[in-house]
Amino acid sequence: MLGTPVFLSEMKEGERGIIESCKEPDLRDLGIMAGAEVLAVGIRKSGGVFIIGGRRFGISRPLFRKILIKRIG
Amino acid sequence: MQIPPPIFAAAGKERLAVVKNISVLLIGTPNSGKSTLFYALTRKKAETGNRAGVTVSENSARIGSKRLGRGDISVTLFDLPGIYSLTPHTKDEQLTLKKLYEYPADVILNVIDSTSLEAGLHLTLSLRERFPDTPLVIALNMIDELEKLGLYIDEAELEARLGAYASAISASGGKGLAELVEKILGADVARETPKKCCLSEDVAKKDASEIARSVMRKKTGERITKGDYRSMMLSGSKITDRADRLLLSPIFGIPVFVLIVASLFYISFGKVGSFISDAVDLAVTAPIRGLAERSLSGLSAAPWLSSLINGGIMTGICAVLDFLPGILLLSLGLCLLEDSGYLSRVAFLFDAPMRRVGISGKALIPVLLGFGCTVSSVLASRNLTDSRERKICSALLPLISCSARSPLYLAFCATLLPDFSWVLCLLLYSLGICAFLLGVCLLSYLSQGIGKQKAVPELIIELPKYRIPRASVVCLKMKEQTAHFLRRAGTVIFLSSAVTWLTSSFSFGFSFAETSGDSMLLRFSSYVSPLFAPLGFNDPRLVAALISGISAKESALSALCILFGTASVSLSSLISENVLTMHSALSFLVFFSLYLPCFPAMTAIYEESKKLSSLLLSCLSCLTFAYICSFLTYRFSLCFFG
């Protein structure tokens, strides 16, 4: 549902969103922080590929639950 | 395509006045093109590649006043490892931040990848906030790629908003470099009255929320870009998307990787490699050897001198030179994988299986670079975030076969498995990876204790866009590789061949040895050789070759040729002389593939930790693995094929 915050793990390929909160300081240092736009490119069992701020990141699964996303259309 | 030489201005007359030197720090996110820009401006060698974390140490060069066309000014440029923020996470990032905080730079040159503006602006805003009094010049790199997308950057708007100097460039294409240098010089002149950043009030707010920062980045990006900015920031490249769908697929990803590596080995060590090696032997090494022999006999040189040059130095160097094409082909393959952007994908692809043995997928990058050279792979381990992971990796990386071991592999494999020597080479390289993973498991277990195993750091890795490797970059790398190999042939292998000849020709009393068994080298080797009897090979000459291989791995083959008195050693001749059997030859190869690192690698391992214990751990681990694996290979081979 649009506007409802979800974990990154719940995003589907091709979906867009805005980061609501990010609990991992290491990710915030990379610019993956609240307010940044996200596009889910590929979701795997062990991790996922996302475009954040124009850069493509591969993120392992456990980090998914540290990022809360607000889906956008 | 050649990168045009950097001509910044018409060369002016050099004055005798005191030349002012401007120090410039190159700061930017990883893979934004800092080293490419450094090379374009200074022409000094810099490692480049299409992945984050290629540069792991500081590199500096001076652009002279004559070259700048300004008699009174010169510029010293510092190329530093990439950083995402002003908080360090890896050893190479620590190095950059130390320089940034402790070195009184005149200008900070912030390199931004124009195609990912927001990611770059995150660091720019932090730099503006932390160093408000240091002139900041922004190099908007890869502007040609942005223009292909139909977007343009308003440099004046960016300068006004950030209170910095901005210049759009293409470091690889040599575009906009003269203007950039002018801005650097202009920024230093205006140092006393730094430009005011109109975002400074927002930036200076210590409690500025993350959302405010993100919005600021986004708004700045939107304001300075003419075109469909949002679509560029969020839509991936179609080629990259399609390629990733296959290469990162959970089903096809790993088989495709295996296929790529197998093809690389087939080309390097199979028919193609051996054909080029034969051609090199015919066209280069055989004529050189013949010329040396004719010259020495023409000069009526003393027999010992002829023996030293022909039987020692020339035999040692030529034995290795024949295998240069195979080594270069392997390096070329690794270079293409790195420049295309595939290497980072391998780290992501193998993260889950690697995690099970106690290491993140990121550690696979130094492992693959180890196929080329152990020293560069040890340095690449600086990219790892966890210090425990970094220490274990650098200690065990010598287990990975480097290209310098391949000449001996090929000399033996051609007899062990004719027509499929490349398969045996691939298996020996794979054995190194298996030993490395097993070593990681054991060391993680021993360092943490039972039930206290520390969690493996989570993987977050930047996946660069796929690019077609540029011919100029690949050619430059190959040129450097060839020069590096020839330098080694002219220095380390030359010396080690001479030392091998001397120690195998003279006895401990410094008189000419009547039989080779009386020589220093073989007498010493014969004391050690009983240790190798359980492994199936205890001929002192083989042990001497292993000892010689510690100076440089190629030297092992050179030593074998010198000690057996042949121009090229082959396993069939060793078998016919009853020096080895098929089983012991296999065992010898396994021992050679895993035993001690070479001296330069030992130095690199020590330098990384500054602890002798780390080096000892590395040597001990390698020797233990080599001995056990070699013993098992010999026994299994006797049992199953005996």
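Strand β5(A) and strand β9 (residues 460–462) of chain B run antiparallel and are joined by 3 bridges. Within this pairing, A:Gly58 has B:Ile461 of β9(B) as its bridge partner. The model is predicted. Across the two chains, 33 residues of chain A are in contact with 43 residues of chain B.

**Interface between chain A and chain B**

- About 3200 Å² is buried between chain A and chain B, and carbon and sulfur atoms give 55% of that area.
- On the chain A side, the residues that lose the most area to chain B are A:Asp29, A:Arg55 and A:Arg56, which together make up 25% of what that side buries.
- Between the chains there are 14 residue pairs in polar contact, both residues being at pLDDT 80 or more.
- Four elements of chain A, namely α1 (25–29), β3 (37–43), β4 (47–52) and β5 (55–60), each supply at least two residues of the side that touches chain B.
- β5(A) gives the largest share of that side, with 6 residues.
- Sorted by class, the side of chain A that touches chain B holds 16 nonpolar, 9 polar and 8 charged residues.

**Salt bridges between the chains**

- The count of salt bridges between chain A and chain B is 4.
- One of them pairs A:Arg55 with B:Asp113, with the closest N and O atoms 4.0 Å apart.
- A:Arg55 belongs to strand β5 of chain A and B:Asp113 to strand β4 (residues 107–113) of chain B, so this pair joins two chains.
- Buried means under 20% relative accessible area; A:Arg55, at 3%, therefore counts as buried, and so does B:Asp113, at 6%.
- Another salt bridge runs from A:Arg56 to B:Asp244, where the closest N and O atoms are 3.4 Å apart.
- A:Arg56 and B:Asp244 are also linked with B:Asp241 and B:Arg345 in a network of salt bridges.

**Salt bridges within a chain**

- Over all chains, the structure holds 25 salt bridges.
- In chain A, the side chains of A:Glu13 and A:Arg44 meet in a salt bridge at 3.8 Å, N to O.
- A:Glu13 sits in the loop between β1 (5–7) and β2 (16–22) of chain A, and A:Arg44 in the loop between β3 and β4 of chain A, so the pair ties together parts that are 31 residues apart in sequence.
- A:Glu13 is partly exposed, with a relative accessible area of 48%, whereas A:Arg44 is buried at 13%.
- In chain B, B:Glu554 and B:Arg488 form a salt bridge, the closest N and O atoms being 2.8 Å apart.
- This pair links distant parts of the chain, 66 residues apart: B:Glu554 is in the loop between α25 (540–548) and α26 (555–564) of chain B, and B:Arg488 is in helix α23 (residues 471–505) of chain B.
- B:Glu554 counts as buried at 2% relative accessibility, and B:Arg488 counts as buried at 15%.

- B:Met582 is found in helix α28 (residues 582–594) of chain B.
- The relative accessible area of B:Met582 is 37%, so this residue is partly exposed.
- Leaving out residues up to four places away in sequence, B:Met582 touches B:Thr415, B:Leu416 and B:Ile575.
- From B:Met582 to B:Leu368 the separation is 214 residues in sequence and 29 Å in space, C-alpha to C-alpha.

Terms used
Residues are numbered from 1 along each chain as its sequence is written. Chains are lettered from A and ligands numbered from 1 in the order in which they are written. This is a predicted model: local features need pLDDT of at least 70, side-chain atom pairs count only at pLDDT 80 or more; totals for chains, interfaces and linings use all residues. Side-chain values use heavy atoms; hydrogens and water are left out. Contact means heavy atoms within 4.5 Å. Buried area is the accessible area (1.4 Å probe) that two parts lose on being put together, summed over both. A polar contact is a pair of N or O atoms within 3.5 Å; within protein, one must be able to donate a hydrogen and the other to accept it, and residues adjacent in sequence count only if both atoms are side-chain atoms. Ala, Val, Leu, Ile, Met, Phe, Trp, Tyr, Cys and Pro count as nonpolar, Asp, Glu, Lys and Arg as charged, and the others, Gly among them, as polar. Two strands pair if DSSP finds at least two bridges between them. Buried means under 20% relative accessible area, exposed over 50%, partly exposed in between (1.4 Å probe, protein chains only).
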